[in-house]
Amino acid sequence: MQTSLSLSLASHSSAAIPRSNHALHFFVSAPSKPINLRFCGLRREAFGFSSLKQSGSGRVRVSSSSRSKVVSAAGSDNGTAPKSFDYDLLIIGAGVGGHGAALHAVEKGLKTAIVEGDVVGGTCVNRGCVPSKALLAVSGRMRELQSDHHLKALGLQVQAAGYDRQGVADHANNLASKIRNNLTNSMKAIGVDILTGVGTILGPHKVQVGSSDKVVTARDIIIATGSVPFVPKGIEVDGKTVITSDHALKLEFVPDWIAIVGSGYIGLEFSDVYTALGSEVTFVEALDQLMPGFDPEIGKLAQRVLINPRNIDYHTGVFASKITPAKDGKPVTIELIDAKTKEHKDTLEVDAALIATGRAPFTQGLGLENINVVTQRGFVPVDDRMRIIDADGKLVPHMYCIGDANGKMMLAHAASAQGISVVEQVTGRDYVLNHLSIPAACFTHPEISMVGLTEPQAREKAEKEGFEVSIAKTSFKANTKALAENEGEGLAKLIYRPDNGEILGVHIFGLHAADLIHEASNAIALGTRIQDIKFAVHAHPTLSEVLDELFKSAKVKAHVSSPGVARNKACPGKRELQISDQEKRKNNPKELQSVSWTAGNNLLIILLSWFRYFFSALQKYLYS
């Protein structure tokens, strides 16, 4: 990316060199046209410039670093709110989404507060992504130690592996506690006010905190209250033998036989944990196939690796119409009915049942009726800029909703990205988040990851819009690093348009798939086409070469670069600028003088900086 900084300079030459900060103020004579300083492929911070501001007199201020913004935000009590409000921005919910929005808001100079009625970190940190990854780390190690074939191929000999259930549970709990403290401290460090209590919207700009009479006001308000486990009717959860993911993450016991209702992300990850720890698992899936949310081809391969060889069986096309917890020595009973005919199919008796049927938005009691907002199946209706829509279809001024509560994409990192996009909106930049560029991952062993459209979705879109879809695939069996790890089972799949090279979707099943997907997601976010990204260089031997081979194997008819991507790869736009400048100089002698003047004044800026530090050092030497 090329950064262009324009400096319009005054007509009188002068220089002021302050002692107390790292800013440089100067006046120099200049023509009326602004000067462009272009830095090839580097952020402004790399040059020590975070912002340039021009006053009416032509005075230019060059700040030394973006870090000073964070320090000043904390030092100045987290910005200054307008006199009519307590805060610039108030966030209801301190989960990952609210945390991301708060940090970005302070960086933008907004006086910010966050309201939390439970604990900082929300579902992800305390009852979701974080502790589940701790359990999955254990299951991954157990699988390696239990696989005689894998160990023998590597020349290793290990005694029978075992585990301490409480030790595993403590690992998950300790990780959640550590991350929760990190999030809390990161907000306190930059001056975000953390208000404890349930937030209730009283009206425009007003929120009541807790059951007291404490009311705070803010110019803009973000709802980021997240979600809770969804439990269908007829299922009785006792928290011991019939549990949700909230209970399962505590790992209070490891059942011999557990039924998992739902085979999506949550169900798959827990099947990985329980089978590694010795449980037998039975999936109960309402749809006709397991893993219905995944690309069908990836789902079939994942079933062959993650389901069929393991101690797992399954029932598809059925509902769990009634689940009764274990009691008085009787096991957990599960009544199964046909998903279409609703006829009784079977009755299961198991030691425990995990309800992994998705999540429901946590929006009750928010006071949405006070701003004339009616939820849709519990979700707060928003537009593509996360602005809340009321019952009359009108936008509610200064009200936003992010994350699971709006239902656009129920992922923690999506909530954070939405929060950042809202902060951009309220600070004057019209930024719209592209949800098709947000990746997702399932942390089984091996992992599954995806971004963009599945093949059926892409073909449906192509049929409506009239373009062709092509598919490219590469196998992990052709990757040196995967073979060195003896982990050659895996596939990467690219869905794209052969006419223009647009990436429609990427799906990966294999070793560290969750880490590999980001090259594809960033390419979609930046609008990079296949004909450009295939020139990227990847270290050898690494797993990233799976994506390298994937992009190189795609056949694109067009030979044009991505929109907005310059053809000169070393320095975007450099060749075009050079040609343009040469033509100007031939035809316009004054332009040549202007360019020479530009180079001279760029040198002057550098010299003034050196003089400042020289005099500062000299002064310290003389007075020491």
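Figure 1. Tyr265 is partly exposed, at 32% relative accessible area. Buried means under 20% relative accessible area, exposed means over 50%, and partly exposed lies in between (1.4 Å probe, protein chains only). The model is predicted: local features need pLDDT of at least 70, side-chain atom pairs count only at pLDDT 80 or more, and totals for chains, interfaces and linings use all residues. Residues are numbered from 1 along each chain as its sequence is written, and side-chain values use heavy atoms, with hydrogens and water left out. Rings of Phe, Tyr and Trp (its six-membered ring) pair if their centres lie within 6.5 Å; planes under 30 degrees apart are stacked, over 60 edge-to-face, and the rest tilted. The count is 2 aromatic pairs. In one of them, Tyr265 and Phe294, the ring centres are 5.3 Å apart and the planes meet at 45°, so the pair is tilted. The pair links distant parts of the chain, 29 residues apart: Tyr265 is in helix α8 (residues 265-276), and Phe294 is in the loop between β16 (280-285) and α9 (296-307). Helices (H or I, at least four residues) and strands (E, at least two) are DSSP runs, numbered from the N terminus. Phe294 is buried, at 4% relative accessibility.

Figure 2. Phe270 counts as buried because its relative accessibility is 6%. Contact means heavy atoms within 4.5 Å. Beyond its neighbours within four places in sequence, Phe270 contacts Leu135, Ser245, Ala248, Leu249, Ile260 and Leu354. Leu249 is 21 residues from Phe270 in sequence, and their C-alpha atoms are 9.1 Å apart.

**Figure 3. Helix α10 and its cover.** Helix α10 has 15 residues, and at 1.5 Å a residue it should span 21 Å; the end C-alpha atoms are 22 Å apart, which agrees. The expected span is 1.5 Å times one less than the number of residues. The helix is mostly covered, with 11 of 15 residues buried. Among them are Ala414, Ala415, Gln418, Val422 and Val426. Cover for the buried residues includes β7 (87-92), α2 (96-107), β12 (215-223) and β24 (395-401). Just after α10, Gly428 has a positive phi of about 105°.

Figure 4. His435 sits in the loop between α10 (412-426) and β25 (440-442). Its relative accessible area is 18%, so His435 is buried. The side chains of His435 and Gln418 form a polar contact of 2.9 Å. A polar contact is a pair of N or O atoms within 3.5 Å; within protein, one must be able to donate a hydrogen and the other to accept it, and residues adjacent in sequence count only if both atoms are side-chain atoms. Leaving out neighbours within four places in sequence, His435 contacts Met386, Lys408, Met409 and Gln418.

**Figure 5. His99 in helix α2.** His99 lies in helix α2. His99 is buried, at 14% relative accessible area. Not counting residues up to four places away in sequence, His99 touches Ile114, Leu183, Ser186 and Met187.

**Figure 6. Helix α16 and the packing around it.** Buried residues of helix α16 (residues 545-553) are Glu545, Val546, Leu547, Asp548, Leu550 and Phe551. They pack against strands β27 (470-475), β28 (491-496) and β29 (503-510), and against helices α13 (513-516), α14 (518-526) and α15 (530-533).

**Figure 7. Two cis peptide bonds.** Pro446 is in the loop between β25 and β26 (447-452). Another cis bond joins His540 and Pro541, with omega about -5°. Pro541 is in the loop between α15 and α16.

**Figure 8. Positive phi at His205 and Arg377.** His205 is not a glycine, yet has a positive phi of about 70°. It lies in the loop between β10 (199-203) and β11 (206-209). Arg377, also a residue other than glycine, has a positive phi near 55°. Arg377 is in the loop between β22 (359-361) and β23 (387-389). At 74% relative accessible area, Arg377 is exposed.

Figure 9. Cys129 is partly exposed, at 32% relative accessibility. Cys401 is buried, at 0%. A disulfide is a pair of cysteine sulfur atoms within 2.5 Å. By this rule, the count is 0 disulfides.
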